[in-house]
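Here are my comments on the model you sent.

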Amino acid sequence: MDAPLLKPNLLDLDRPGLASLCAQLGEKPFRADQLLQWLHARGCDDVSAMTNLSKALRERLQETTEIRPPQVLADREAADGTRKWLLRLAGGSGIETVYIPERRRGTLCVSSQVGCQLNCSFCSTAQQGFNRNLSVGEIVSQVWLANHLLPPHPVREKPITNVVFMGMGEPLLNFDNVVAAIRVLLDDLAYGLSWRRVTVSTAGVVPMIDRLREECPVALAVSLHAPDDALRDELVPLNRRYPISELLDACQRYVAGNERRRVTFEYTLLAGVNDHPAQARALGKLLARLQAKVNLIPYNPVPGLPYSTSSAEAVTVFRDELQRRGLVATVRKTRGEGIDGACGQLAGKVLPRQRRIAINGVPA
């Protein structure tokens with residue numbers, strides 16, 4: 001027996017999408033604004049509760065659409081307050097979403113793909129293979145769900161103040177859906193986030209960095225992890241298609257004309273691999289032309305992978321070498337390690353797995 005057809009998910013629609021839906025239903029454009037507010041600013045999960053919509057419209061919406069967030073399969077909390085949710089999607093695959101609390105900031109790390117098309121050698125997600133891109137609704141629903149599941153905060157008006165696309169997947173390989181989701185996050189009638197509070201992290205898909213600058217220039221983070229092409233080819237195979245020089249040129253274009261915009265370079269420190277002082281000096285020289293911030297990330301071990309965490313001394317020496325060369329260099333505090341929610345540890349549930357796709361002819 002065939003599975004029943006799913007109704008359109010209202011969480012999949014941004015403001016233009018809701019306007020198109022309202023037009024199809026014979027409604028005026030302002031109804032889309034009302035729907036957007038109910039869905040996201042108020043987090044409403046029941047169309048019948050949208051009291052400023054006419055009864056006839058509510059009934060039509062209930063007949064033809066639904067509000068369908070992912071199913072929560074697991075909810076784990078670490079001692080430091082970090083929470084990780086495993087969310088079940090249509091088709092049986094799962095993604096992971098992580099909430100990182102601070103006193104005045106609540107950061108949600110969201111996924112953009114089921115698994116990942118790239119094959120970074122030190123990343124847990126990369127070992128899971130790849131299934132598909134997430135829809136707009138599946139991306140936005142991670143924020144929608146977190147706002148539902150988190151208790152009111154004593155200081156912050158909203159639980160989520162920052163969103164980072166640093167979960168499962170390469171966001172720029174799901175460009176259209178990621179950008180549409182970001183526009184919902186930035187929309188004043190939805191979540192109202194500042195562009196400075198939404199960060200897209202990429203392994204370096206150069207053409208999409210340029211498109212992001214033109215279409216939706218939010219904060220950009222680049223997963224660099226090596227100061228030279230030879231090593232980065234091993235750690236981040238995408239580098240074989242877009243080497244460091246091309247990547248840095250794209251980063252320079254990204255910040256051109258906006259003194260307030262900076263690129264953050266993420267650098268995971270792997271003991272004996274990329275954490276030598278000489279490599280720090282090479283990295284400092286490499287990034288000298290950019291007003292760059294370097295976020296040093298102590299490696300979070302993944303079972304079965306041949307990497308280990310750099311010593312605290314090695315991390316400090318590496319940071320100091322960068323700072324001596326005028327770079328802003330910080331060490332990211334490890335959060336959520338006890339629940340496998342730290343950087344590089346997200347795995348989810350990728351069913352079924354597909355062959356990784358080549359990027360412009362280069363196997364990922």
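1. Basis. This is a predicted model, in which local features need pLDDT of at least 70 and side-chain atom pairs count only at pLDDT 80 or more, while totals for chains, interfaces and linings use all residues. Residues are numbered from 1 along each chain as its sequence is written, and side-chain values use heavy atoms, with hydrogens and water left out.

2. The core. A nonpolar core is a set of buried Ala, Val, Leu, Ile, Met, Phe, Trp, Tyr and Cys residues joined through side-chain atoms within 4.5 Å. Buried means under 20% relative accessible area, exposed over 50% and partly exposed in between, with a 1.4 Å probe and protein chains only. The largest nonpolar core holds 104 residues, and those with the most contacts inside it are Met50, Phe165, Tyr191, Leu212, Phe265 and Leu287. Helix 5 gives the most to this core, with eight residues. Helices (H or I, at least four residues) and strands (E, at least two) are DSSP runs, numbered from the N terminus. In soluble globular proteins, nonpolar side chains tend to be buried together.

3. Phe265. Which residues does Phe265 touch, not counting residues up to four places away in sequence? They are Val222, Leu224, Leu248, Cys251, Leu287, Leu290, Ala292, Lys293, Val294 and Asn295. Contact here means heavy atoms within 4.5 Å.

4. Helix 6. In helix 6 (residues 206-215), the buried residues are Val206, Met208, Ile209 and Leu212. Seen down the axis of helix 6, these residues fall within an arc of 160 degrees, so they line one face of the helix. The arc is that of the directions from the helix axis to the C-beta atoms. Their cover includes helix 5 (175-186), strand 8 (198-202), strand 9 (219-223) and helix 8 (244-255).

5. Helix 9. Gln279, Ala280, Leu283 and Gly284 are buried in helix 9 (residues 277-286). Viewed down the axis of helix 9, the buried residues lie within an arc of 145 degrees, so they line one face of the helix. An α-helix has 3.6 residues a turn, so residues three or four places apart point the same way. Among the elements covering the buried residues of helix 9 are helix 7 (229-235), strand 10 (263-269), strand 11 (293-298) and helix 10 (312-324).

6. Cavities. On a 1 Å grid over the protein atoms alone, a cavity is a set of points where a 1.4 Å probe fits but cannot get out, and a pocket is an open set with protein on both sides within 12 Å along at least five of seven lines; lining residues have an atom within 4 Å of a point. Grid points are joined across faces, edges and corners, and a volume is the space filled by probe spheres set on the points. There are two cavities of 30 Å³ or more. The largest cavity has a volume of about 50 Å³ and is lined by Val143, Asn147, Lys158, Ile160, Tyr191 and Leu193. The second largest cavity has a volume of about 30 Å³; its lining consists of Trp85, Leu87, Thr97, Gln142, Leu145, Ala146 and Leu149. Helix 4 gives the most to that lining, with four residues.

7. The second largest pocket. This pocket has about 270 Å³ of space. It is lined by 15 residues, of which Arg68, Pro69, Leu89, Ala90 and Glu138 are the closest to its centre. Helix 4 (residues 136-149) gives the most to the lining of the second largest pocket, with three residues.

8. Arg232. Is Arg232 buried or exposed? At 1% relative accessibility, Arg232 counts as buried. Arg232 is found in helix 7. Leaving aside neighbours within four places in sequence, Arg232 is in contact with Ala203, Ser223, Leu224, Ala226, Pro237, Asn239, Tyr242, Ile244 and Leu247.

9. Met166. Met166 lies in the loop between strand 7 (162-165) and helix 5, and at 27% relative accessibility it counts as partly exposed. Beyond four places in sequence, Met166 is in contact with Cys109, Val110, Thr199, Ser201, Ala221, Glu266 and Arg332.

10. His225. Phi of His225 is near 70 degrees, a positive value in a residue other than glycine. Most residues other than glycine have a negative phi. His225 lies in the loop between strand 9 and helix 7 and is buried, with a relative accessible area of 5%.
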